[in-house]
Amino acid sequence: MAKLTESMTNVLEGDSMDQDVESPVAIHQPKLPKQARDDLPRHISRDRTKRKIQRYVRKDGKCNVHHGNVRETYRYLTDIFTTLVDLKWRFNLLIFVMVYTVTWLFFGMIWWLIAYIRGDMDHIEDPSWTPCVTNLNGFVSAFLFSIETETTIGYGYRVITDKCPEGIILLLIQSVLGSIVNAFMVGCMFVKISQPKKRAETLVFSTHAVISMRDGKLCLMFRVGDLRNSHIVEASIRAKLIKSKQTSEGEFIPLNQTDINVGYYTGDDRLFLVSPLIISHEINQQSPFWEISKAQLPKEELEIVVILEGMVEATGMTCQARSSYITSEILWGYRFTPVLTLEDGFYEVDYNSFHETYETSTPALSAKELAELAGRAELPLSWSVSSKLNQHAELETAEDEKNPEEQTERNGDVANLENESKV
């Protein structure tokens, strides 16, 4: 009986041990941001192709990024001027009106309290009484006197007297604070009105980017233009590739930014933007499009952000215009239609054709594959060092057969020189 009990105990313990070994271990995965979870690579290709690409920068240049869970909101108040300038117009105008109204009401209340405490309200009809402010008979009149004082209107009906030292001090305080409020609010409105954001509305980008051959090289191109006659001074263009990537260590980097060379080393990125210009990016070994072919391009999840910067000629303020291109907006094998024509004494730009493209013969291979094909054409695969030496040997044999007499004379000269040296 004891042995049976012991055997049953061993069986139960064995089952429990097997159950512990076979039980799955709960592995807690690290919590990723929402954008990182959305940008994780899909294993199903059809879902990946059907999924709509979320823009990082919209076509109108606005960044499609919302800041959430910002706990340190006090930082906005430390730079209150920039916060007010960044507000929408309706909130800015509301704050503008409220600041002045609250200031007038606050000082109007103080003027009324001074008159009430001194007893001016009880001696309104007494000609022998000298009030702090003449013709101040209630809160409404105190409010009107506050507006006249802060705005320096000075109608002359309500006047402060020299028998009220507290009123004189309050007058000084309100005048100084009123000047500060005027400078702050008027400055804020002026900066908001003169912001160069609206100037960027007249800087246009082509709706599509194109890939075609230019000077025997595969290039990515887009067009920019300025609709105004006043030009952008010191204009420069740059481009960024926005694409999620995974490092060799397994780290996932969402929306990784890579520079796209549009002429930084040659100075072509500095523009004289008088007429529309086609910005070109040569797809070489340093380009992120080096291994992308026509068939692979629609499968890529990438976005090209282009940024045009410069100073407004009229105001001297820096202006920035942005746009972006996703894979569906990159046309392979197309070029831009020319928009500049020579008229009688001037050049004319036809902006009706600014976004138009036309198809051109372009290889569907990637730039890497084109470079490999060009290398094979210049250097055959059967080439080797021995074959090259054999070619040199054959050439030397042919030259010797063409000039046998020169070779004989040269050998005779060498033999004479050897006999002379022996003597």
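Guide: Helices (H or I, at least four residues) and strands (E, at least two) are DSSP runs, numbered from the N terminus. The secondary structure of this protein comes to 11 helices and 14 strands. The model is predicted, so local features need pLDDT of at least 70 and side-chain atom pairs count only at pLDDT 80 or more, while totals for chains, interfaces and linings use all residues. Residues are numbered from 1 along each chain as its sequence is written, and side-chain values use heavy atoms, with hydrogens and water left out.

Visitor: What share of the protein's residues count as buried?

Guide: Buried means under 20% relative accessible area, exposed means over 50%, and partly exposed lies in between (1.4 Å probe, protein chains only). Of the 423 residues, 28% count as buried.

Visitor: Which residues of α6 are buried, and what covers them?

Guide: The buried residues of α6 are N92, Y100, T103, W104, F107, G108, W111, I114 and A115. Their cover includes α5 (80-86), α7 and α8. As background, an α-helix has 3.6 residues a turn, so residues three or four places apart point the same way.

Visitor: How about α8: how many residues does it have, and what covers its buried ones?

Guide: Helix α8 has 29 residues and reaches 42 Å from its first C-alpha to its last, close to the 42 Å expected. Among its buried residues are G167, L170, Q174 and G178. The cover of the buried residues of α8 includes α5, α6 and α7.

Visitor: Which residues does UniProt list as "transmembrane region"?

Guide: The unreviewed UniProt entry lists residues 93-117 and 167-191 under that name. UniProt positions are given in the numbering used here, feature names are shortened, and annotations may be inferred rather than shown by experiment. In the model, residues 93-117 are 100% helix and 0% strand, with end C-alpha atoms 36 Å apart. Residues 167-191 are likewise 100% helix and 0% strand, and their end C-alpha atoms lie 36 Å apart.

Visitor: New topic: how many disulfides are there?

Guide: A disulfide is a pair of cysteine sulfur atoms within 2.5 Å, and by this rule the count comes to one. C132 and C164 form it, with sulfur atoms 2.1 Å apart. The pair links distant parts of the chain, 32 residues apart: C132 is in the loop between α6 and α7 (139-151), and C164 is in the loop between α7 and α8 (165-193). The link is left-handed, with -75° about the S-S bond.

Visitor: Are those two cysteines buried or exposed?

Guide: Both C132 and C164 are buried. Elsewhere, C319 is buried at a relative accessible area of 2%, whereas C63 is partly exposed at 47%.

Visitor: Which residues have the most contacts inside the largest nonpolar core?

Guide: A nonpolar core is a set of buried Ala, Val, Leu, Ile, Met, Phe, Trp, Tyr and Cys residues joined through side-chain atoms within 4.5 Å. The largest has 35 residues, and I237, F289, I304 and I330 have the most contacts inside it. Its largest share, five residues, comes from β4, which spans residues 232-246. Apart from this core lies another of 12 residues, among them F107, M121, L136 and F145.

Visitor: Where is V224, and what does it touch?

Guide: V224 is in strand β3 and counts as buried because its relative accessibility is 0%. Contact means heavy atoms within 4.5 Å. Not counting residues up to four places away in sequence, V224 touches V204, F205, I237, L271, L273, P276, L277, I279 and F354.

Key: The expected span of a helix is 1.5 Å times one less than its number of residues.
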